[in-house]
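Q: Could you walk me through this one slowly? I'm new to reading structures.

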Amino acid sequence: MSLLTRPRTGPPAAGGVEIVLSLEDVTKIYPTTPPVRALGGVTFQVERGELVAVVGPSGSGKSTLLHIMGTLDLPTDGRVMVAGRDIGELSDAKTSALRARHIGFVFQQFHLLSGYTALDNVADGLLYTGMALTGRRELAVAALDRVGLADRLDHVATKLSGGERQRVAIARALVGRPSIVLADEPTGNLDSKSGDSIVALLEELNAEGATIVVITHDREIASHFPRAVHLRDGLIEADTGRPG
Amino acid sequence: MTSDTASDLRPSKLHVADIARTASVGLRTRKLRAALSALGIMIGIASMVAVLGLSESSKSDLLAQLDRLGTNLLTVQAGQGFGRGSGELPETATEMIARIGPVETTSAVSAVDGANAYRSDYIPSGQTGGITVQAVDINLLDTLGGSVAEGRFHDEASAPYPTVVLGSVAAERMGITDLDPAVQVWLGDSWFSVIGILDEFELSADLDRAAMVGMEAAATYLDDDNVPTSIYVRTNPRYVEDVMGVLGATANPEAPEEIEVDRPSDALEAREAADDAFTALFLGLGAVALLVGGVGIANVMVISVLERRAEIGLRRALGATKRHVATQFLGEALLLATVGGVGGVALGVFVTGLYANFKGWDILIPTLAWAGGLAAALGIGAVAGLYPAVRAARMSPTEALRTS
């Protein structure tokens with residue numbers, strides 16, 4: 001079994017396609033004065049094995065959407081299903097467990113622990129799954145090997161280049177073979193060469209079976225991907241990958 | 001229906017080793033700050049351990065001294081001053097006291113009025129050096145538990161003759177350190193041979209400044225009336241209080257109120273009580289230092305939680321529950337306090353050892369001091385870490401990630 005293949009976890013949709021992420025009429029209103037409507041009724045689904053770009057300018061609601069898809073925040077209205085679970089019905093602790101087992105995050109700022117080696121940063125991707133340290137490290141070695149950093153295992157995160165840090169972050173997101181990986185502007189802090197290689201890596205990983213959603217403001221990156229969901233003012237403007 | 005089982009979403013429990021690893025992240029990445037905040041606790045614990053250790057060590061020294069000297073020595077003196085009598089005891093007092101059942105030995109001392117001791121007859125009479133002349137019984141040394149530094153004490157052979165035994169201070173003031181060759185001192189109007197120098201008396205310091213002659217010699221050469229001014233009494237230790245109660249009336253049945261009865265060991269016991277009072281005071285100061293250390297840890301933890309929002313957000317994204325986050329920060333506070341506590345106990349023991357060694361005391365560290373010190377450190381750490389930990393746990397993951 002490949003590093004990135006994962007047993008079926010979500011309900012098969014019609015025609016045997018598995019839906020790993022589903023948003024139904026999701027709205028998000030921040031209770032500020034005046035209240036801010038960040039998402040105004042978003043509906044879309046991500047199937048297992050998809051590589052999707054969510055594209056939109058600043059203020060379009062991308063970050064809010066990422067947080068809701070990643071169960072870090074709850075919608076004001078609507079239904080969110082991740083790996084077949086309705087997150088509105090889960091306690092905070094169960095939502096945390098859902099994140100630990102089913103969702104991988106890649107952030108623009110990498111968010112690596114500065115005092116840790118690349119290996120331990122990746123192994124910490126499994127920390128909250130309950131797996132023992134040796135098992136975590138074994139999987140972390142394999143994940144780092146996959147992203148091309150087999151020779152950087154013992155390098156402290158702060159000694160790595162930007163591109164290498166983002167590869168470590170990607171390895172950390174994938175090490176637990178999550179149902180879905182959410183990448184928030186993964187090339188935003190990188191030069192174009194490193195950015196291109198990260199996009200290429202994400203495409204390769206997707207080809208190996210990983211389900212990946214990339215949030216970006218960069219239409220060019222989105223154009224590489226088989227599907228792009230265009231967001232504007234909290235609403236879906238266009239969805240290139242969905243028939244109808 | 002979903003294909004997940006209920007157990008699929010049961011939050012994991014971290015292994016103890018993982019809790020320790022995550023709790024030590026802050027300490028490993030911010031070593032100086034961790035060391036400084038642990039230092040506060042360390043100073044508090046060290047001062048408490050040292051105070052308790054030093055107090056215990058000095059007390060053991062004091063108790064050993066009390067054991068050695070006994071608490072059954074009493075002194076009987078005639079009161080002096082207006083309405084307090086003439087300063088002399090009745091001639092019969094010594095014999096009367098000796099008849100009290102539990103009294104084991106008595107020893108009389110008679111101050112020789114008008115006589116002073118000088119190193120030679122060339123010294124002006126006013127330069128007495130504060131040395132008194134006392135006529136003493138030959139069993140005085142036994143009764144007081146004193147000892148001889150040089151030569152010997154009076155015995156039946158020496159008592160009738162012009163011989164003198166010097167107290168330690170008296171000998172020092174006269175410049176006499178040994179008796180070879182033989183030394184004589186000018187006492188009254190005669191030369192007296194010095195036959196002994198005594199060690200310091202621990203229970204009757206006034207005799208250290210005395211030149212002691214035998215009762216008979218005092219009568220013969222110094223015109224002393226041998227009327228006792230002080231009587232030292234050793235009693236059966238079980239009846240010390242009872243004997244004290246009847247000593248006044250026995251020594252002077254006509255005017256018992258003129259008699260002063262003392263128990264010299266009371267002074268040592270009073271010193272012990274005074275030490276206890278100081279110990280309590282210093283313990284209080286140690287507790288204040290500890291409290292300040294705890295506030296320091298709380299302060300550092302609150303700052304740490306603010307600074308590490310991104311890490312908290314990341315951990316929540318990786319699947320940490322609120323409890324995991326709280327445990328991490330509480331663990332960090334406990335770890336800081338433990339480092340401070342262990343360091344403090346070590347420092348406290350070291351200081352106690354150093355000082356006790358310097359003073360020649362046995363080194364005693366009461367279990368209460370080190371075990372209590374560690375427990376206090378952990379308690380302070382827990383209290384100091386609780387608020388920051390709860391604050392970290394309650395932090396919204398989206399806020400935490402956004403502010404990074």
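A: What follows takes up a pair of helices and then a sheet. This is a predicted model, in which local features need pLDDT of at least 70, side-chain atom pairs count only at pLDDT 80 or more, and totals for chains, interfaces and linings use all residues. Residues are numbered from 1 along each chain as its sequence is written, while chains are lettered from A and ligands numbered from 1 in the order in which they are written.

Q: At what angle do α3(B) and α12(B) cross?
A: The axes of helix α3 (residues 31-69) and helix α12 (residues 367-394), both of chain B, cross at roughly 155 degrees and come within 9 Å; axes are lines fitted to C-alpha atoms, for helices over the stretch in contact, and angles run from 0 to 180 degrees between N-to-C directions. Helices here are DSSP runs of H or I with at least four residues, and strands are runs of E with at least two, numbered from the N terminus.

Q: So are they roughly parallel or antiparallel?
A: That crossing makes α3(B) roughly antiparallel to α12(B), a label given to angles over 145 degrees.

Q: New topic: what is the strand order in the chain A sheet?
A: The open sheet of 6 strands in chain A runs β6-β7-β8-β3-β9-β10, with mixed pairing, where two strands pair if DSSP finds at least two bridges between them.

Q: Which strands stand at the edges?
A: Those are β6 (103-106) and β10 (235-239) of chain A, each with a single partner strand, so one side of each has no neighbour in the sheet. From one strand to the next, the twist averages 20 degrees.

Q: And how does β6(A) pair with β7(A)?
A: β6(A) and β7 (residues 180-184) of chain A pair in the parallel sense over 4 bridges, and A:Gly104 has A:Val181 in β7(A) as its bridge partner.

Key
Angles under 35 degrees count as roughly parallel, over 145 as roughly antiparallel, 65 to 115 as roughly perpendicular and the rest as oblique.
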